[in-house]
Amino acid sequence: QLQLVESGGGLVQPGGSLRLSCAASGFASAYALDDFTIGWFRQAPGKEREVVSSISSSGRLTNYADSVKGRFTISRDNTKNTAYLQMNSLKAEDTAVYYCAASFVAGWAGMTANGYDYWGQGTQVTVSS
């Protein structure tokens, strides 16, 4: 089964930056990360999981939640089987566990959790003074 491992979370002050990474492994023999759409999601205590951003398998299509537009940037390096979420100008309301997810759909950057098949374990992001 495809495995996704997030890293890069931690404690940061308001206005600071973090870069999250999502490393993929365990592909079936014929596949690699460039066969998968990647999404980033987050879940804060007491709230439902929400989509943050997504990127198509080629990296050409990206989508962002309104709450993070202009502050977050999603990217991927398919040669390293890794996707990233660069988070700038962080706010307290960005505090959450962040998850990456993968979907075997070409030419798509979906913004609904039901479209994703594989999920990482999550990494905690805390924005506080």
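A polar contact is taken here as a pair of N or O atoms within 3.5 Å; within protein, one atom must be able to donate a hydrogen and the other to accept it, and residues adjacent in sequence count only if both atoms are side-chain atoms. The structure is a predicted model, in which local features need pLDDT of at least 70 and side-chain atom pairs count only at pLDDT 80 or more, whereas totals for chains, interfaces and linings use all residues. Residues are numbered from 1 along each chain as its sequence is written, and side-chain values use heavy atoms, with hydrogens and water left out.

By the polar-contact criterion, the side chain of D94 is joined to the side chain of R71 at 2.8 Å. D94 is located in the loop between strand 8 (82-87) and strand 9, where strands (E, at least two residues) are DSSP runs numbered from the N terminus. The relative accessible area of D94 is 1%, and D94 is therefore classed as buried (under 20% relative accessible area, with exposed over 50% and partly exposed in between; 1.4 Å probe, protein chains only). With neighbours within four places in sequence set aside, the contacts of D94 (heavy atoms within 4.5 Å) are R42, R71, F72, S89, V125 and V127.

Four salt bridges are found in a search of the whole structure, the criterion being a side-chain nitrogen of Lys or Arg within 4 Å of a carboxyl oxygen of Asp or Glu. Side chains of opposite charge can pair when their charged atoms come close. One of the salt bridges links K69 and D66, with an N to O distance of 3.1 Å; D66 is exposed, at 65% relative accessible area. In another, E50 is paired with R42, and the closest N and O atoms are 2.8 Å apart. E50 is partly exposed at 36% relative accessibility, whereas R42 is buried at 5%.

A salt bridge is also formed between R71 and D94, again with the closest N and O atoms 2.8 Å apart. This pair connects distant parts of the chain, 23 residues apart: R71 belongs to the loop between strand 6 (62-64) and strand 7 (72-77), and D94 to the loop between strand 8 and strand 9. R71 is buried, with a relative accessible area of 10%. Through shared partners, salt bridges unite R42, E50, R71 and D94 in one network.

Strand 4 (residues 37-43) is mostly covered, six of its seven residues being buried. Two strands are considered paired if DSSP finds at least two bridges between them. Strand 4 pairs with strand 9 (residues 96-103) in the antiparallel sense over seven bridges, and W40 stands opposite C100 of strand 9. Strand 4 is also antiparallel to strand 5 (residues 50-55), to which five bridges join it; here F41 faces V51. Six residues separate strands 4 and 5 in a hairpin, and G46 in the turn has a positive phi of about 80°.

In soluble globular proteins, nonpolar side chains tend to be buried together. A nonpolar core is defined as a set of buried Ala, Val, Leu, Ile, Met, Phe, Trp, Tyr and Cys residues joined through side-chain atoms within 4.5 Å. The largest such core comprises 29 residues, and those with the most contacts inside it are W40, F72, L85, M87 and Y98. Two or more residues are given to this core by each of strand 3 (18-25), strand 4, strand 5, strand 7, strand 8, strand 9 and strand 11 (123-127). Beyond four places in sequence, F72 touches residues including R42, L85, M87, D94 and Y98.

Conventions:
Helix = DSSP H or I, 4+ residues; strand = E, 2+ residues; numbered from the N terminus.
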